[in-house]
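This report goes through a few local features of one protein chain. Please keep the structure in view while reading.

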Amino acid sequence: LDVGAGMSPYKPFFEKYVNEYIGLDAYDYDGISPDITGTAEKIPLKNNTIDTVLCTQVLEHVQEPQKVIDEIYRILKPNGICILTTHMANPLHGLPYDYYRFTRICFEKVLFKKFKKIYVKENGGALLSIFQFINWGITDILPKFIAMPFVILINIIIKPLDKIMFNPMFTTNYIVVATK
């Protein structure tokens, strides 16, 4: 189940590995309807019916993130897996529906506390996060033909440096894999 599937951009990556790929969303996107219409806070499925839940970049856009995680837990089968991504540091986006930013501690101690196993991975460290903000700033104020060479140069230099000087205390994004 892809919770907050939108236009289901991940379907091609998963459909050959699963028996069924189901997209859930509250809205149609560009004329594409989800397989199931509903919200992440109240998933219209029975308890213990789904093997795997994918939820990418949705949690920061819901008013009650704990309800979303509780719903995911409810519909997952025992030993089912939730794969979730969300921001720690990111500019405002998707307004007016951008409510939260999260931390590793929040995932481990609060949101996913019912799950028996939780793995949290940072996407980029402090250096990459700082320069990602610079990239966003540059692309917002400069014309694209001027901004893009700077963005490309920053990415070529900073991505390898971030791996060498990795600091998880400030990250742009998280991946959470949790087992019920």
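## A nonpolar patch and other local features

Met148, Ile152, Leu153, Ile156, Ile157, Leu161, Ile164 and Met165 make a nonpolar surface patch of about 760 Å². The model is a predicted one. One of the patch residues, Ile164, belongs to helix H5, which covers residues 144–164. Is Ile164 buried or exposed? Ile164 has a relative accessible area of 70%, and exposed means over 50%, so Ile164 counts as exposed.

Helix H2 runs over residues 65–75. Its buried residues are Pro65, Val68, Ile69, Glu71, Ile72 and Ile75. Seen down the axis of H2, these residues fall within an arc of 160°, so they line one face of the helix. What do the buried residues of H2 pack against? They pack against S4, strand S5 (76–87) and helix H3 (104–111).

Ile75, a buried residue of H2, is also touched by Asn47, as is Arg74, when residues up to four places away in sequence are not counted. The side chains of Asn47 and Arg74 make a polar contact of 2.7 Å. Asn47 sits in the loop between strand S3 (36–37) and strand S4 (50–56). Asn47 has 46% relative accessibility and is therefore partly exposed. From Asn47 to Tyr10 the separation is 37 residues in sequence and 24 Å in space, C-alpha to C-alpha.

The next topic is the backbone. Most residues other than glycine have a negative phi, and most peptide bonds are trans.

| Residue | Phi | Place | Relative accessible area |

Which peptide bond is cis? The bond from Leu95 to Pro96 is cis, and its omega is near 10°. Pro96 lies in the loop between S5 and H3.

Key. Residues numbered from 1 in each chain as written. Predicted model: local features only at pLDDT ≥ 70, side-chain atom pairs only at ≥ 80, totals over all residues. Heavy atoms only, no water. Patch = residues over 30% accessible without salt bridge, like charges linked within 9 Å, V, L, I, M, F, W, Y side chains within 5 Å. Areas by Shrake-Rupley, 256 points an atom, 1.4 Å probe, with all protein chains shown as cover. Salt bridge = Lys/Arg side-chain N within 4 Å of Asp/Glu carboxyl O. Helix = DSSP H or I, 4+ residues; strand = E, 2+ residues; numbered from the N terminus. Buried < 20%, exposed > 50% of the residue type's maximum accessible area, 1.4 Å probe, protein only. Contact = heavy atoms within 4.5 Å. Polar contact = N/O pair within 3.5 Å; in protein donor to acceptor, adjacent residues only side chain to side chain. Arc of directions from axis to C-beta.
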